[in-house]
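Welcome to this tour! Open your viewer, get your selection tool ready, and follow along one stop at a time.

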Amino acid sequence: MARVYNFSAGPSMLPEPVLRQAEEEMLDYHGCGQSVMEMSHRSSQYEEIIGGCESLLRQTMQIPDDYDVLFLQGGASSQFAMVPMNLKKNGRADFVLTGQWAKKAYSEGKKFLSAHAVADSSDKTFTYIPKLSLETFDPQADYFHICYNNTIYGTRFHELPDTGRVPLVADMSSCILSEPVDVSRFGLIYAGAQKNMGPAGLTVVIIRKELVGNAGPEVPTMFDYKTHADNGSMYNTPPCYAIYICKLVLEWIRDKMGGLSGMKEYNEKKAKLFYDCLDRSQLFKGTVEPADRSLMNIPFITGSDELNKKFIKEAEAAGFVNLKGHRTVGGMRASIYNAMPIEGVEKLCAFMKEFEAKNA
């Protein structure tokens with residue numbers, strides 16, 4: 001069977017060259033006679049893999065030396081709790097509520113400190129990024145949390161809030177590695193790997209060193225960032241194979257895509273193509289305010305639940321899978337992460353045009 005165009009919000013497509021290399025090395029990694037899946041994480045071969053992955057990530061994102069890079073487990077959702085556990089000092093934090101994941105981080109934060117919502121776009125079903133007013137920020141907050149790109153609702157921050165001395169914390173699960181980012185603007189970045197970095201199972205945390213080691217004695221050992229920073233992310237068995245695939249993805253970005261600047265250009269080209277398709281259509285309509293549109297996740301509708309269902313069914317039969325919108329919002333959503341080839345977007349747009357002609 002031919003490979004389909006997978007528009008899933010995650011786990012998402014992986015670059016085909018990465019999958020082929022993993023296939024070639026599945027039974028014998030670099031002549032060691034074993035798969036990375038069965039390799040001891042204490043072996044010299046695996047130390048090269050995890051060390052190489054961290055080095056490549058630092059190079060690719062230009063991560064300053066005063067930041068730790070941690071390879072963890074538990075998904076980005078585990079960070080909703082780990083962040084307040086580790087950053088709590090004054091017992092207060094600010095949150096911008098721009099979607100389901102931002103709300104979950106806010107709700108989890110409430111279990112550990114006084115959480116304050118400085119802005120909320122739920123009044124219009126999270127279809128925009130709310131304007132932020134500096135006077136609403138708490139200058140004594142332990143951190144200021146945003147979800148940089150909102151996977152479900154298709155919005156993103158185009159400008160970062162100026163939080164002064166308060167550490168800016170960002171969930172970048174659905175946009176990390178899609179474009180250059182000034183890491184020094186953040187106190188902490190976290191991301192589940194299953195959108196742009198690799199398979200599910202790996203969670204990456206990039207944290208300014210001064211924020212490590214502040215967890216209270218009540219914080220469990222495994223939930224203390226210092227535990228993982230002090231042990232090179234190998235206090236316990238790490239998600240070995242997911243880290244290996246992440247390393248291959250980083251090599252692909254470096255060698256095939258021109259680094260993050262080239263990746264951004266490619267992603268902008270794909271997004272423009274799809275948004276232009278929506279804006280020209282008389283049937284399909286994007287749901288996000290144009291100024292806040294995401295490069296990664298594009299929700300859209302026809303205006304009819306029946307037509308939405310028909311489109312999703314016919315699109316899947318034509319090889320365009322996982323276009324159904326999140327269950328909380330319905331409609332459709334095309335997630336066009338790094339590994340989605342531009343021809344996938346071109347062919348989907350052509351299919352949409354044909355569908356519209358038949359169902360106008």
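**Stop 1: the largest pocket.** This is a predicted model, and our tour of it begins at the largest pocket, with a volume of about 340 Å³. Select Trp 101, Thr 151, Ser 173, Gln 194 and Lys 195: of the 24 lining residues, these are the closest to the pocket's centre. Now colour α3 (75-87) and α4 (100-109), the elements that each give two or more residues to this lining. Which of the elements has the largest share of the lining? That is α3, with 3 residues. If you colour the lining by class, you will find 9 nonpolar, 11 polar and 4 charged residues.

**Stop 2: the second largest pocket.** Here the space comes to about 290 Å³.

Stop 3: Two packed helices are described by the angle between their axes and the distance between the axes. Select α6 (residues 240-256) and α7 (residues 259-280), whose axes are 8 Å apart and which pack at an angle of about 80°. That angle makes α6 roughly perpendicular to α7. Show the side chains at the contact: α6 brings Trp 252, Ile 253 and Arg 254, while α7 brings Gly 259, Leu 260 and Met 263. This contact is made up of 4 nonpolar, 1 polar and 1 charged residues.

Stop 4: By class, the contact of α7 with α9 has 10 nonpolar, no polar and 3 charged residues.

**Stop 5: two spots in the backbone.** Zoom in on Pro 11, in the loop between β1 (5-6) and α1 (16-24). The peptide bond that leads from Gly 10 to Pro 11 is cis, with omega near -5°. Next, jump to Leu 177, found in the loop between β8 (168-171) and β9 (188-192). Although Leu 177 is not a glycine, its phi is positive, at about 70°.

**Stop 6: the whole chain.** Now zoom out and switch to a cartoon view. The chain has 9 helices and 14 strands. Along the principal axes, its C-alpha trace spans about 65 × 60 × 30 Å. How does the radius of gyration fit in, and what would a compact globule have? With 360 residues, a compact globule would have a radius of gyration near 21 Å, and the chain's value of 21 Å agrees with that.

How values were computed
Residues are numbered from 1 along each chain as its sequence is written. Side-chain values use heavy atoms; hydrogens and water are left out. On a 1 Å grid over the protein atoms alone, a cavity is a set of points where a 1.4 Å probe fits but cannot get out, and a pocket is an open set with protein on both sides within 12 Å along at least five of seven lines; lining residues have an atom within 4 Å of a point. Grid points are joined across faces, edges and corners, and a volume is the space filled by probe spheres set on the points. Helices (H or I, at least four residues) and strands (E, at least two) are DSSP runs, numbered from the N terminus. Ala, Val, Leu, Ile, Met, Phe, Trp, Tyr, Cys and Pro count as nonpolar, Asp, Glu, Lys and Arg as charged, and the others, Gly among them, as polar. Axes are lines fitted to C-alpha atoms, for helices over the stretch in contact, and angles run from 0 to 180 degrees between N-to-C directions. Angles under 35 degrees count as roughly parallel, over 145 as roughly antiparallel, 65 to 115 as roughly perpendicular and the rest as oblique. Contact means heavy atoms within 4.5 Å. The radius of gyration is taken over C-alpha atoms; the globule rule is 2.2 Å times the number of residues to the power 0.38.
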